[in-house]
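Have the model open while you read.

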Amino acid sequence: MTAPLFSLEGRTAVVTGGGRGIGRSIALGFAGAGADLILLGRPGSHRDMTDEAKSYGHSVTVVDLDLSEPAHAKAVGAQLAGDVDVDILVNNAGTIDRGDSTAVTPDAWNHVLQVNLSSLFFLTQQLAGPMITRRHGKIINIASLLSFQGGLRVASYAATKHAVAGLTRALANEWASHGIQVNAIAPGYIATDNTRPLREDPDRVRAITERIPAGRWGEADDVVGAAIFLASRASDYVNGHVLVVDGGWTAR
Ligand SMILES: NC(=O)c1ccc[n+]([C@@H]2O[C@H](COP(=O)([O-])OP(=O)(O)OC[C@H]3O[C@@H](n4cnc5c(N)ncnc54)[C@H](O)[C@@H]3O)[C@@H](O)[C@H]2O)c1
């Protein structure tokens, strides 16, 4: 029987930062769709979700990885690529630095670039090699509305998320003919730790909510369907796309 269009049965998915927020929802959604999981993140960061992930009956492996070290991301990627046939990579982990651009230090700037961009690239580079050999792979980068807009007082974040969208298209062009689809999801305003400072500011919450056509912020689970689509054979002819999941924010 042909596998259902959106099934991930028999697939192995790597998800970065799957311990909380959007990454956690995507990882659990993938397990529910049939995938084995390899969760990459800072030590201890997946402790609270592995039992739930395992309850779907597929394997769950946790690997320590701090994305602030691109060389470490490359080494972990190389090791994984040698050990496991990875079908799906979700580059979800990300960090944000909020503040006036006049006050940003080189260390703070570099940290955001390393986590959100450089480590993403080198992990992807390593896992893509065997995908190219096997002529099969799905790579999903988590971009942002700030892949299209500048945001307020988040210069390094906006710079990296614009770069993630560009990198998604560049890698899609390079690897499409090898049977690999590279795409991105641009979540709108989602209630996670990333947006906690905004949600604690009543004026910002009101201004943002009023501008969202759907009339509400997103939940992390709102991103899961797009991720399963881009991870499954349903998206085999979708290349280099940045899929917004934003309650209509960018349509307005
Ligand atoms: N929440 C939103 O509104 C929103 C909107 C657009 C894009 N995003 C993006 O979604 C992704 C997930 O963010 P979230 O909203 O779930 O927020 P979150 O802060 O809850 O999750 C971020 C994840 O990244 C991991 N991470 C951060 N620094 C890391 C490091 N140095 N090494 C390894 N892992 C690290 C964290 O442990 C966590 O699992 C991020 O890329 C974020 O930029 C979020």
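A crossing is left-handed if the near helix is turned anticlockwise from the far one by less than a right angle, and right-handed if clockwise. Helices (H or I, at least four residues) and strands (E, at least two) are DSSP runs, numbered from the N terminus. What you're looking at is a predicted model, where local features need pLDDT of at least 70 and side-chain atom pairs count only at pLDDT 80 or more, while totals for chains, interfaces and linings use all residues. Residues are numbered from 1 along each chain as its sequence is written, and side-chain values use heavy atoms, with hydrogens and water left out.

**Helix pairs**

Two packed helices are described by the angle between their axes and the distance between the axes. Axes here are lines fitted to C-alpha atoms, for helices over the stretch in contact, and angles run from 0 to 180 degrees between N-to-C directions.

| Helix pair | Angle | Axis distance |
|---|---|---|
| H3 (residues 70-83) and H4 (residues 106-134) | about 20° | 8 Å |
| H4 and H5 (residues 155-175) | roughly 15° | within 9 Å |
| H1 (residues 21-32) and H8 (residues 224-231) | roughly 55° | within 9 Å |

With H1 and H8, that angle makes H1 oblique to H8. For reference, angles under 35 degrees count as roughly parallel, over 145 as roughly antiparallel, 65 to 115 as roughly perpendicular and the rest as oblique. H1 passes H8 in a right-handed crossing. Ser25, Ile26, Gly29 and Phe30 of H1 touch Val224, Ala227, Ile228 and Ala231 of H8, with contact meaning heavy atoms within 4.5 Å. By class, this contact has six nonpolar, two polar and no charged residues. (Ala, Val, Leu, Ile, Met, Phe, Trp, Tyr, Cys and Pro count as nonpolar, Asp, Glu, Lys and Arg as charged, and the others, Gly among them, as polar.)

Now for H4. H3 and H4 are roughly parallel to each other, and their crossing is right-handed. On the H3 side the contact includes Pro70, Lys74 and Leu80, and on the H4 side Gln114, Phe122 and Pro130 are among the residues involved. The contact of H3 with H4 divides into nine nonpolar, six polar and one charged.

H4 and H5 are roughly parallel to each other too, and H4 passes H5 in a right-handed crossing. Among the residues that meet are Trp109, Leu113 and Phe121 in H4 and Tyr157, Lys161 and Trp175 in H5. The contact of H4 with H5 has 16 nonpolar, four polar and one charged residues.

**Around the ligand**

Which residues are the closest to the ligand? They are Ile22, Asn92, Tyr157, Ile190 and Thr192, out of 26 residues that surround the ligand (a heavy atom within 4 Å is the cut-off). A polar side-chain atom of Tyr157 lies 2.6 Å from an oxygen atom of the ligand.

Most residues other than glycine have a negative phi. Arg135, in the loop between H4 and strand S5 (137-142), has a positive phi of about 55°. Arg153 lies in the loop between S5 and H5, and its phi is near 60°, again a positive value.

Terms used: A polar contact is a pair of N or O atoms within 3.5 Å; within protein, one must be able to donate a hydrogen and the other to accept it, and residues adjacent in sequence count only if both atoms are side-chain atoms.
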